[in-house]
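Work through these exercises with the structure open beside you. Try each task before you read its solution.

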Amino acid sequence: MKLFYTILGATPTGRNTEQHDVFFGIAETLKDLIPHMKSFWPEAKGQIHIDCYQEVQFADGFEIKIVEKTSKVFDEHLFFINLGGYQPGRFEELHQQYLMVGKSLGEIIKRVKQTEFYKTMGFKNATSHIDDKHGVDIDDIFKVNDILPPEMKSKYSIQLVKSPEELQENFTHIGYLKIDKIK
């Protein structure tokens with residue numbers, strides 16, 4: 001089984017522009033996730049495409065292993081972080097996403113605040129806030145296990161095993177992909 005990290009796109013009825021969301025799923029193949037993607041975003045009425053996806057085998061110095069759900073509690077967790085920020089002259093909120101491994105939300109927030117994106121993506125009158133402090137907004141931060149579809153959460157856990165960072169490479173596809181064309 002593999003952990004898939006996808007950016008889904010659709011233009012649901014009543015929207016003026018394409019919308020995006022992140023979907024994480026566990027399956028043998030990307031195609032196996034199509035029914036789960038449709039259930040995840042019912043407003044899209046099945047008219048979903050993938051803008052990019054990754055088979056997450058490694059993250060942040062760890063190998064990702066999908067194991068059957070047990071009562072064992074793991075010390076390290078895989079976190080998904082979506083940062084938002086602004087640049088002068090750009091009429092949009094820019095985003096950068098990260099997968100990071102840590103023991104707590106506090107530890108991850110400290111590390112995120114050290115990223116280049118966090119430090120450089122804001123300016124006077126265009127800053128977001130975190131707990132009344134000015135800086136780049138952490139739009140979303142989750143343990144990946146917590147945002148898996150319920151049937152996957154109940155069946156699987158993500159186990160993290162320390163791994164040499166020079167060996168870490170994930171298969172990544174970037175570009176428009178209609179879900180009904182996935183083989």
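**Exercise 1.** Find the largest nonpolar core of this predicted model. Which residues have the most contacts inside it, and which element gives the most to it?

*Solution.* 
- Step 1: The largest nonpolar core has 38 residues.
- Step 2: Those with the most contacts inside it are Leu 3, Phe 24, Leu 30, Ile 50, Ile 64, Leu 78 and Leu 99.
- Step 3: Look for the suppliers. Several elements supply at least two residues each, among them strand E1 (2–10), strand E2 (19–27), helix H1 (34–40) and strand E3 (49–56).
- Step 4: E1 gives the most, with six residues.
- Step 5: Then look for a second, separate core. It has ten residues, including Ile 81, Leu 83, Leu 94 and Ile 108.

**Exercise 2.** List what Leu 30 touches, leaving out residues up to four places away in sequence.

*Solution.* 

**Exercise 3.** Give the strand order of the open sheet of four strands. Which strands stand at the edges?

*Solution.* 
- Step 1: The order is E2-E1-E3-E12, and the pairing is antiparallel.
- Step 2: E2 and strand E12 (171–178) each have a single partner strand, so one side of each is left without a neighbour in the sheet. These two are the edges.
- Step 3: From one strand to the next, the twist averages 20°.

**Exercise 4.** Describe how E1 pairs with E2 and with E3. Is E1 largely enclosed or left open?

*Solution.* 
- Step 1: Nine bridges join E1 and E2 in the antiparallel sense. Here Thr 6 stands opposite Phe 23 of E2.
- Step 2: E1 and E3 also run antiparallel, joined by seven bridges. Ile 7 has Cys 52 of E3 as its bridge partner, and Leu 8 stands opposite Ile 50 of E3.
- Step 3: Now check burial. Eight of the nine residues of E1 are buried, so the strand is largely enclosed by the rest of the structure.

**Exercise 5.** Take the aromatic pair Tyr 5 and Phe 24. Are the rings stacked or edge-to-face?

*Solution.* 
- Step 1: The ring centres lie 4.8 Å apart, with the planes at 10°.
- Step 2: Planes under 30 degrees apart count as stacked, so this pair is stacked.
- Step 3: Tyr 5 lies in strand E1 and Phe 24 in strand E2, so the pair ties together parts 19 residues apart in sequence.
- Step 4: Both are buried: Tyr 5 has a relative accessible area of 12%, and Phe 24 has 1%.

Terms used:
Residues are numbered from 1 along each chain as its sequence is written. This is a predicted model: local features need pLDDT of at least 70, side-chain atom pairs count only at pLDDT 80 or more; totals for chains, interfaces and linings use all residues. Side-chain values use heavy atoms; hydrogens and water are left out. A nonpolar core is a set of buried Ala, Val, Leu, Ile, Met, Phe, Trp, Tyr and Cys residues joined through side-chain atoms within 4.5 Å. Buried means under 20% relative accessible area, exposed over 50%, partly exposed in between (1.4 Å probe, protein chains only). Contact means heavy atoms within 4.5 Å. Two strands pair if DSSP finds at least two bridges between them. Axes are lines fitted to C-alpha atoms, for helices over the stretch in contact, and angles run from 0 to 180 degrees between N-to-C directions. Rings of Phe, Tyr and Trp (its six-membered ring) pair if their centres lie within 6.5 Å; planes under 30 degrees apart count as stacked, over 60 as edge-to-face and the rest as tilted.
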